[in-house]
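Please consider the following notes while you look at the sequence and the model. They are arranged as numbered points, each on one topic.

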Amino acid sequence: MGMSSLKLLKYVLFFFNLLFWLCGCCILGFGIYFLVHDYFGVLFHTLPFLTLGNVLVIVGSIVMVVAFLGCMGSIKENKCLLISFFALLLIILLAEVILAILLFVYEQKLDEYVNEGLTDSIQRYHSDNSTKMAWDSIQPFLHCCGINNTSDWTRGRPASCPNDSQVQGCYIKAKQWFHSNFLHIGIVTICICVIQVLGMSFALTLNFQIDKTSRVLGL
């Protein structure tokens, strides 16, 4: 019973993490692609590292490292790697909870900060190629113009703005999309947290099962 349970757990955890490692590779690949081609440029000059490419590279790297620890820890039955995998998942889960709380508490301040950052980037549109590239990519993609409306472009609407008198601002449109899809975003977030908790549970259970099997075999 002990050996069969150990094998089942190790292979479940291995394939579970292998899938996430492959997902991490895809995310990292997209991040590198966006960094190389720099399609979206920089919108927030106070946070120049906050680009789509950088975010995807960081997220992809974290997913790959955590999944690699889970894969190797399970298939090699290595307790040290399993505990490291558990600890990293716990840290990530706690960071997600803390981030969600901070976003809820400081929602108004975040809204003001984003508005100020976008207003500054509009003023830099004609003098900074990276900012120009960012707006020229985002406006056609989201079918929007400016931050709140077309009047944000005080020096004239750029060619990337849609030819529609009723077009909305990009930030307004993004917020409306977020609020209209809040339920779906919440479900996806909860699913991610559940998967993390399951991964932690599998790692601990496998760790205890390895201990139990070692005692039975007298190791």
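Predicted model: local features only at pLDDT ≥ 70, side-chain atom pairs only at ≥ 80, totals over all residues.

1. Arg124 is partly exposed, because its relative accessible area is 33%; here buried means under 20% relative accessible area, exposed means over 50%, and partly exposed lies in between (1.4 Å probe, protein chains only). Arg124 forms a salt bridge with Asp120, and the closest N and O atoms are 3.0 Å apart. A salt bridge is a side-chain nitrogen of Lys or Arg within 4 Å of a carboxyl oxygen of Asp or Glu. Asp120 is also partly exposed, with a relative accessible area of 26%.

2. Residues are numbered from 1 along each chain as its sequence is written, and side-chain values use heavy atoms, with hydrogens and water left out.

3. How many salt bridges are there by this rule? The count comes to four. One of them joins the side chains of Lys175 and Asp111, at 3.3 Å from N to O. This pair links distant parts of the chain, since Lys175 belongs to helix 6 and Asp111 to helix 4 (residues 107-123), 64 residues apart. Helices are DSSP runs (H or I, at least four residues), numbered from the N terminus. Lys175 is partly exposed at 30% relative accessibility, whereas Asp111 counts as buried at 18%.

4. Lys132 and Asp136 also meet through their side chains in a salt bridge, with 3.0 Å from N to O. Both residues are in helix 5, and because they are four residues apart they are separated by about one helical turn. Lys132 is partly exposed, with a relative accessible area of 35%, and Asp136 is partly exposed, with 24%.

5. Leaving aside residues up to four places away in sequence, Trp135 touches Leu43, Leu118, Ser121, Ile122, Tyr125, Pro140, Gly146, Ile147, Trp153, Ser160 and Cys170. Contact means heavy atoms within 4.5 Å. Leu110, by comparison, is 25 residues from Trp135 along the chain, and their C-alpha atoms are separated by 20 Å.

6. The packing of two helices can be followed in the model. Helix 2 and helix 3 pack at an angle of about 150 degrees, and their axes are 8 Å apart. The axes are lines fitted to C-alpha atoms, for helices over the stretch in contact, and the angles run from 0 to 180 degrees between N-to-C directions. Helix 2 passes helix 3 in a left-handed crossing, a term used if the near helix is turned anticlockwise from the far one by less than a right angle. On the helix 2 side, the meeting residues are Ile62, Val66, Leu69, Gly70, Met72, Gly73 and Ser74; on the helix 3 side, they are Leu81, Leu82, Ser84, Phe85, Leu88, Leu89 and Ile92.

7. Two residues deserve attention for their backbone angles. Glu77 has a positive phi of about 55 degrees although it is not a glycine, and Glu77 lies in the loop between helix 2 (52-75) and helix 3. Its relative accessible area of 29% makes Glu77 partly exposed. His143 likewise has a positive phi of about 55 degrees and is not a glycine. The loop that holds His143 runs between helix 5 (129-142) and helix 6 (170-180). His143 is partly exposed, with a relative accessible area of 40%.

8. Which residues form a nonpolar patch on the surface? They are Leu90, Leu94, Val97, Ile98, Ile101, Leu102, Phe104, Val105 and Tyr106, with about 870 Å² of accessible area together. Patches are made of residues with over 30% relative accessible area and no salt bridge, with like charges joined within 9 Å and nonpolar side chains (Val, Leu, Ile, Met, Phe, Trp, Tyr) within 5 Å. Accessible areas come from the Shrake-Rupley method with a 1.4 Å probe, and for residues only the protein chains shown count as cover. Leu94 lies in helix 3 (residues 79-105) and is partly exposed, with a relative accessible area of 49%.
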